[in-house]
Amino acid sequence: MAIERTLSIIKPDATKRNLTGKINAKFEEAGLRIVAQKRIQLTLAQAQKFYEVHKDRPFFGELTEFMISEPVVVQVLEGEGAIAKNREVMGATNPANAAEGTIRKDFALSVGENSVHGSDAPETAAVEIAYFFSGLELVG
Ligand code: ADP
Ligand code: MG
């Protein structure tokens with residue numbers, strides 16, 4: 001399988017509870033390398049643009065308000081099949097359905113406040129990485 005990069009976000013419920021290091025340990029234990037990382041405070045416009053694909057969903061307002069409620073940590077994870085591997089490490093969207101040992105099973109509070117975002121396909125990974133990082137920030 002090819003080496004891939006994927007965009008990850010440690011969400012406000014997790015940064016607020018000081019879980020950045022514990023979540024990063026899960027990525028590293030799974031063989032994902034954190035090749036770029038920064039802690040930022042999103043604006044509402046930035047959160048709305050990032051989640052544009054969900055703009056007609058009933059939870060869009062709740063989601064975007066949540067994403068600006070505290071700082072987030074945006075990061076690029078790299079590794080063999082990193083996009084799918086990260087989705088595995090994250091666990092199901094709703095923590096009630098997440099497998100044992102996954103980030104969402106261990107840390108998420110609810111289907112909305114679910115601790116992490118991860119790109120879902122190569123195309124979205126490329127767009128999402130470019131949304132937060134310049135080429136010069138990706139040193140591999
Ligand atoms: P994922 O983050 O697993 O890719 P989605 O892309 O379907 O999930 O949804 C994006 C985010 O929107 C979720 O991670 C979660 O924070 C929020 N969300 C999804 N479904 C709901 C819901 N039913 N109620 C509230 N928030 C939701
Ligand atoms: Mg998604």
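User: Let's start with Glu-78: which strand is it found in?

Analyst: Glu-78 belongs to strand β3. Keep in mind as we go that this is a predicted model.

User: Does Glu-78 count as buried or exposed?

Analyst: The general idea is to compare relative accessibility with a cut-off, and buried means under 20%. Glu-78 counts as buried because its relative accessibility is 15%.

User: Which side chain does Glu-78 meet in a polar contact?

Analyst: Its partner is Arg-5: the two side chains are joined by a polar contact of 2.8 Å.

User: Which strands pair with β3, and in what sense?

Analyst: One partner is β1 (residues 3-10), which pairs with β3 in the antiparallel sense over 8 bridges. In that pairing, Glu-4 stands opposite Gly-79 of β3. Strand β2 (residues 33-40) also runs antiparallel to β3, joined to it by 7 bridges. There, Lys-38 stands opposite Val-74 of β3.

User: Let's turn to a helix. How do I read the sides of α2?

Analyst: An α-helix has 3.6 residues a turn, so residues three or four places apart point the same way. In α2 (residues 20-29), the buried residues are Thr-20, Ile-23, Asn-24, Lys-26 and Phe-27. They lie on the same side of α2 because they cover an arc of only 150° around the axis.

User: Which residues are exposed on the other side of α2?

Analyst: Those are Lys-22, Glu-28 and Glu-29. Just after the helix, have a look at Gly-31, which takes a positive phi of about 90°.

User: On to pockets. How much space lies in the largest pocket, and which residues lie nearest its centre?

Analyst: The largest pocket holds about 740 Å³ of space. Its lining has 29 residues, and those nearest the centre are Tyr-51, Val-53, His-54, Leu-63 and His-117. The elements giving two or more residues to this lining are α3 (44-50), α4 (60-67), α5 (82-90), β4 (116-118) and α7 (122-132).

User: Which element gives the most to the lining?

Analyst: That is α7, with 4 residues.

Key:
Residues numbered from 1 in each chain as written. Chains lettered and ligands numbered in written order. Predicted model: local features only at pLDDT ≥ 70, side-chain atom pairs only at ≥ 80, totals over all residues. Heavy atoms only, no water. 1 Å grid on protein atoms, 1.4 Å probe; cavity = no way out; pocket = protein on both sides within 12 Å on 5 of 7 lines; lining within 4 Å. Points joined across faces, edges and corners; volume = space filled by probe spheres on them. Buried < 20%, exposed > 50% of the residue type's maximum accessible area, 1.4 Å probe, protein only. Arc of directions from axis to C-beta. Pairing = 2+ DSSP bridges. Polar contact = N/O pair within 3.5 Å; in protein donor to acceptor, adjacent residues only side chain to side chain.
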